[in-house]
Amino acid sequence: MASNSALRASRSARMSSTGVELQHGGNKPPAAPTVTFCRRTPSGRLVNYSRDDLDSELSGEFSREFLNYHVTIPPTPDNQPMDPSISAKVEEQYVSNSLFTGGFNSVTRAHLMDKVIESEAMHPQMAGAKGSSCAIPGCDSKVLSDERGIDILPCECDFKICADCFNDSVKAGGAVCPGCKEPYKATELEEVMNNAGAAARRLSLPPPPPGVSRMERRLSLMKSTKMTRSQTGDWDHNRWLFETKGTYGYGNAIWPKESGGDGGNGEVGQPSELTSKPWRPLTRKLKIPAAVLSPYRLLIVFRMAALGLFLAWRVKHKNEDAVWLWGMSVVCELWFAFSWLLDQLPKLCPVNRATDLAVLRDKFETPTPSNPTGKSDLPGIDVFVSTADPEKEPPLVTANTILSILAADYPLEKLSCYVSDDGGALLTFEAMAEAASFANTWVPFCRKHDIEPRNPESYFNLKKDPYKNKVRSDFVKDRRRLKREYDEFKVRINGLPDSIRRRSDAYHAREEIKAMKRQRETAGDDVVEPVKIPKATWMADGTHWPGTWINPSSEHTRGDHAGIIQVMLKPPSDETLFGDKEEGKPLDLTDVDIRLPMLVYVSREKRPGYDHNKKAGAMNALVRASAIMSNGPFILNLDCDHYIYNSEALREGMCFMMDRGGDRICYVQFPQRFEGIDPSDRYANHNTVFFDVNMRALDGLQGPVYVGTGCLFRRVALYGFDPPRAKEHQPGCCSCCFPRRKSPAAVASEETRALRMGDSDDEEMNLSTFPKKFGNSSVLVDSIPVAEYQGRPLADHPAVKNGRPPGALTIPRDLLDASTVAEAISAISCWYEDKTEWGQRVGWIYGSVTEDVVTGYRMHNRGWKSVYCVTKRDAFRGTAPINLTDRLHQVLRWATGSVEIFFSRNNALLASSRMKLLQRIAYLNVGIYPFTSFFLLVYCFLPALSLFSGQFIVQTLNVTFLTYLLLITLTLCMIAMLEIKWSGVSLEEWWRNEQFWLIGGTSAHLAAVLQGLLKVIAGIEISFTLTSKSAGDDVDDEFADLYIVKWTSLMIPPITIMMVNLIAIAVGVSRTIYSVLPQWSRLLGGVFFSFWVLAHLYPFAKGLMGRRGRTPTIVFVWSGLIAITISLLWVAINPPSANSQIGGSFTFP
């Protein structure tokens, strides 16, 4: 008993040493977090494992008098603390099996979980993975295991014992095995692990020195990789150690400042092997052929001149018979010309780019003197996946996205995935756990057979032959097995809602019975009232879910729940771990790396009274949590329905970041590609004109705008820093034409307050001001210079400034400990952003429903550049709403954000001088384009008004007007054809885009302007709903959603425009036929423009008809009746004169 108590006391002391107390009151943030390891009893009560006072779960085995009995053994030669490297490994095992919760005015708790999901977790990296429990009575800790999940047992009798109990047996039990009572052959835990073959490779680093933070130690390690050569040209380890003050492993390595054998200038020396090799770039800029681009630019200039002459002619030649009609048309045409200029000018310098993945592998993953083992020298990437509502964003879709990320072709020890569940739903949590479990089979299968795409749902639904180019004899068997495994996985995901509900009902019934028994025992013969217990949502291990409950209760609602972090897959080992062929395993994974990237579930804390800032707030919480836990210098953000379609997409983006001048790139934007859209793309869901024309054109300026998903960020750019060498780069109009000379320019007041980043090691960042900007997390602040250093390109060329030496990122990452995750819990709490610059100048910017555009604008405004990466195989694919109503609401949200931008300080008219002129015009167009809806609405009614009144926008259809009209139309068509030529879009896609421009302009854009004005003038906040990712109810039709008609008020303006124009055509034709002096020219002008409007609204009208071939007969009946009624009414109101000749004589100028 004494030994067990000593074990508990030592474990308590070790766990509690990882931090300080997290309790705090009022609005004061805590100083630093502590971790309370605990377990909930079946009744939901917490039992802390980090206290000396253990209770409840031991009551069945020990009497009450021993529950508070403790023996503290002081440090003696026979009682030394566990080796730090071993204790770190043990603690990581606790951390990876713990659900961390906490937040404002609460203790951060690490809830040890027996299991995360109902099914068995097989992969050793997964939380709640299968593992043996300690056989010592009163101890339910897990037995220490190696990277394959195999138990490490110190005795040949295979008695299962955990690390703490083993140390206790050695020190207090005479080094005798409690099972067979024979002496242990190895009495040191490290020796036991070495004998098991688990520690020799993965725990080779000596313990870190005391008093040095993890981030400072890591930065010191990276900067200690200075190159030193001997006289023979070989790597001189002794000279490196003693002449440069370098050290191996953890130590006091510093960045050498003194002059030495490197030329006396303190710069990084390059090995002869690198300097002798020809330097090759990672990317190339492919300019558009001059035969296409020159006529394109010439036509734009010619059309600008033609527009100017036409508008001047229109202003000078009034229609005296209908001045009101002439005035409205001229105002609309002036605005259309202005809007066209804003849209066309940024397209003057389109470019294409290409990457060279072979060069990337040669530079970063090939053995060199600075990297003898050939470990990957690529920087880390943290992938963010955001979801908020499992009902509108099905967990199966999110799970498939996660699986595609875990299977990406990128060094998995450098890859981490963070899932933000802003709804705090247990359904999402268990779906992610199921995905992590299925990844144990799916990811090695993808690596073994080079599968593309690595989203199982998309892969198994491919239309093409899955066996093409597959040569391994076991592929068919493996694919058949994986298909069955995936079908079972889908059934488990689809059954999770019912499973959670049944489980919660069962536990709730049990709790009610227990409560009634206790009440009857205390009440005796008195009348017992019904017991009311809050109906909780229960996890798989029989404890309360700390997030949102199915039946909302206090502190368990969408807007009121604790912060949650669960490491679903702990960080992988630094060395490759190959699989083997074992009976019972579905696949033969010999020579296949079975490790998985780190996967973390995050649900930020939410409390009433705090503005959580929707998606932008969730992304900023992920930025802070990831900086503390993995600190990848680059961040890729994806929507839950956008998966990695090209497994090498991350490498393609990294080519731009690691190339010469890449340190000035803030983000790499990939185009959005969509699946599940109808073949005709009725509502321009593919949006190819924007992604293949506008974005390519912006790439020739300062870079494309950020569009919310499929974007690879540089972390320090998100932190609000200026780009390196900001004073050396002065923008012109664009990067390929009209360059501006370098000159000292005045910087806007906003930019003078921007954070500065040192361009060299002599100009370090000023860390003293960071807590006020980034919050009170010292770990987060310490991580900033590390992320900046790791994100630098290789200094392998004299032109590369602000680079890092090769081999600096080959060191293994630190093991996760409890204090690190507790710090992350603190960083995602609801109070953390108070009195900081998060959302104002740091991270995703708040204040707009289109936070993506604003965030990208702020970066460009500081002088950063962005790059557009179009890969040969689509990098990412997602889903888009194909239903008309959902599509209109999506466009409404985008347009509302643009209106908010126009009325905010993010208006491009207020941009700094660091933004190029044409880039500023592009951003100005982003804020102005919704206002075109007013003029477009008026212009769509003008043909009808012309037909009703018998007048036209011009006095007569003379030759001058028709010539101008023909010239403007032809130049527009020729420009469109050249755009199609250099961008690769099809003519049909261009026409669909034109059609939906009018549909959206007369509906969603108009509503967005009205909502924006209400917010600015009346202060009425704008709310929007998530775009549904679910499909229609008709499982037999892939495009069932396309034919569903869901009424919305946004449909009223387009319907009115169609009806009025149809009636006007009927009225105009009837009046002209029965007129004494018919004006055929005016009729033709009005009818032509009415048909122009109706042709653009055709997809909208088709959407109102519902399913193809099922148009109700009543529609045709009513259409005929309305047409006949309108004609008869017009004849009754304005009867024809007594003229027998119908139609008069036709005259045309």
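# Close-up views of a predicted chain

Figure 1. Among contacts (heavy atoms within 4.5 Å) between residues at least 6 apart in sequence, 78% join residues at least 24 apart. This is a predicted model, in which local features need pLDDT of at least 70 and side-chain atom pairs count only at pLDDT 80 or more, while totals for chains, interfaces and linings use all residues. Residues are numbered from 1 along each chain as its sequence is written, and side-chain values use heavy atoms, with hydrogens and water left out. The chain holds 35 helices and 17 strands, taken as DSSP runs numbered from the N terminus (helices: H or I, at least four residues; strands: E, at least two). Of its 1149 residues, 56% count as buried; buried means under 20% relative accessible area, exposed over 50% and partly exposed in between (1.4 Å probe, protein chains only).

Figure 2. Look for Asp-681 in the loop between β14 (673–675) and α19 (688–699). A salt bridge would need a side-chain nitrogen of Lys or Arg within 4 Å of a carboxyl oxygen of Asp or Glu. What the side chain of Asp-681 does have is a polar atom 2.7 Å from the backbone nitrogen of Asn-685, and it also reaches the backbone nitrogen of His-686 at 3.4 Å. Not counting residues up to four places away in sequence, Asp-681 touches His-686 and Arg-992.

Figure 3. Leu-426 lies in helix α13 (residues 426–449) and counts as buried because its relative accessibility is 3%. Trp-545 is 119 residues away in sequence, yet the two C-alpha atoms are 6.9 Å apart.

**Figure 4. Arg-804 and Asp-377, a buried salt bridge.** The two side chains meet at 3.2 Å, N to O. Arg-804 sits in the loop between α23 (778–790) and α24 (818–827) and Asp-377 in the loop between α11 and β7 (381–387), so the pair ties together parts that are 427 residues apart in sequence. Both residues are buried.

**Figure 5. Arg-361 and Asp-409, part of a salt-bridge network.** The closest N and O atoms of this pair are 3.4 Å apart. The bridge links distant parts of the chain, 48 residues apart: Arg-361 belongs to helix α11 (residues 357–364), and Asp-409 to the loop between α12 (395–406) and β8 (415–421). Arg-361 is partly exposed at 28% relative accessible area, as is Asp-409 at 23%. The network links Arg-361, Glu-365, Asp-409, Glu-648 and Arg-651. In total, the structure holds 45 salt bridges.

**Figure 6. Lys-347 and Asp-343, another salt bridge.** Their closest N and O atoms are 3.2 Å apart.

Methods
Polar contact = N/O pair within 3.5 Å; in protein donor to acceptor, adjacent residues only side chain to side chain.
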